[in-house]
Amino acid sequence: MNTSLAQFPSRIAGSLPPWQQILDTIKPTIFHHGIQGFWFQGVALCAYDNYHSNCRSNLFTPHTLRRAQGVLCSSPKIRQLHQHYVSRVATSDPNFAAALQLQQPYCYGLDPDTTKAGRLFHSHGIHQVLSWPLLQTDCHSWAGRFTLLSDNSIDTEQLGSTLEIAQMKLFQLGRERFNPYRQGRVFTSTALGVLALTARGLHNHQIAEQLHLTVRGVEYHLEAMRKKLAASNRANLIHIAHQLEII
């Protein structure tokens, strides 16, 4: 599922879509901390290492990590700012890479006189940007992360608990909508379909029939996934796929 949250329909059955309803619920409590806007996304725990190493076996490239897919923004204005940042500024901004380290919150350095990022955020009235990761005890492959924007200073007292509750509500939409292994175009929809049917115990010829592929095509996708995830065999591949929440 590679659909950007920003592309979801604006009306469902004549009412606000679920993601907008949840945004309207969580924004007041987040803004209470002196925050004017934010974006939320899932970040793979291997993202920092992948960003800094030029290895063909990496699941994420710098380009895929800078994509805007799977990002939920607090308003259309913040969405435009985020898209501008990741498409034109992030590639030369050391803050982007530093914020991929998910062990603790990270406050961006924003000097408007010397950095492109500083000039961009200051031009939008933003003087503090705080990346706040939320590690999950039940998931060891990726974490949710809020990037918080303020025109002054952010009150961090009890902020962690506020964001944990907000993340829990956002995950009610379906965790897969934020899972970077699904949103980052790491795997094709066909490959994920083959893997899902494999996990259900179907044989290659049965998978081929259901997905209108050749048996060789099924074998190709399974072998490509096995290599990409460094799985030792079919069973190990399914185990890793469950850990990454892609099936």
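Two strands pair if DSSP finds at least two bridges between them; strands (E, at least two residues) and helices (H or I, at least four) are DSSP runs, numbered from the N terminus. The structure is a predicted model, in which local features need pLDDT of at least 70 and side-chain atom pairs count only at pLDDT 80 or more, while totals for chains, interfaces and linings use all residues. Residues are numbered from 1 along each chain as its sequence is written, and side-chain values use heavy atoms, with hydrogens and water left out.

**Figure 1. The open sheet of five strands.** The strands follow the order S2-S1-S5-S4-S3, and their pairing is antiparallel. Strand S2 (72-73) and strand S3 are the edge strands; each has a single partner, so one side of each has no neighbour in the sheet. Strand S1 (residues 37-44) runs antiparallel to S2, to which two bridges join it. Tryptophan 39 faces cysteine 73 of S2.

**Figure 2. Helices H1 and H4 on the sheet.** Helix H1 (residues 18-31) packs on the sheet and touches S1, S2 and strand S5 (139-150). The direction of H1 makes about 110 degrees with that of S1. Helix H4 also lies across S1, S2 and S5, and runs at about 50 degrees to S1. Such angles run from 0 to 180 degrees between N-to-C directions, and axes are lines fitted to C-alpha atoms, for helices over the stretch in contact.

**Figure 3. The packing of helices H4 and H6.** Helix H4 (residues 76-89) packs with helix H6 (residues 116-123) at an angle of about 165 degrees, and their axes are 11 Å apart. H4 is therefore roughly antiparallel to H6 (over 145 degrees; under 35 is roughly parallel, 65 to 115 roughly perpendicular, and the rest oblique). In this contact (heavy atoms within 4.5 Å), H4 contributes Leu81, His84, Tyr85, Arg88 and Val89, and H6 contributes Lys116, Ala117, Leu120 and Phe121. By class, six residues of the contact of H4 with H6 are nonpolar, one is polar and two are charged (Ala, Val, Leu, Ile, Met, Phe, Trp, Tyr, Cys and Pro count as nonpolar, Asp, Glu, Lys and Arg as charged, and the others, Gly among them, as polar).

**Figure 4. Helix H9 with H10 and with H12.** The axes of helix H9 (residues 189-199) and helix H10 (residues 204-211) come within 10 Å and cross at roughly 135 degrees; H9 and H10 are therefore oblique to each other. Here Thr190, Gly193, Val194, Leu197 and Thr198 of H9 meet Ile207, Gln210 and Leu211 of H10. This contact of H9 with H10 has four nonpolar, four polar and no charged residues.

The axes of H9 and helix H12 (residues 234-243) come within 10 Å and cross at roughly 110 degrees, so H9 and H12 are roughly perpendicular to each other. Leu195, Thr198 and Ala199 of H9 make this contact with Arg234, Leu237, Ile238 and Ala241 of H12. The contact of H9 with H12 comprises five nonpolar residues, one polar and one charged.

**Figure 5. Confidence along the protein.** The mean pLDDT (the predictor's confidence in each residue, from 0 to 100) is 90, and 94% of the residues reach 70 or more. Confidence is highest in strand S3 (residues 106-107), at 98, and lowest in helix H8 (residues 180-183), at a mean of 88. Over residues 1-14 the pLDDT is below 50, and this stretch has 33 contacts in the model beyond near neighbours in sequence. Where pLDDT is low, the predicted coordinates should not be read in detail.
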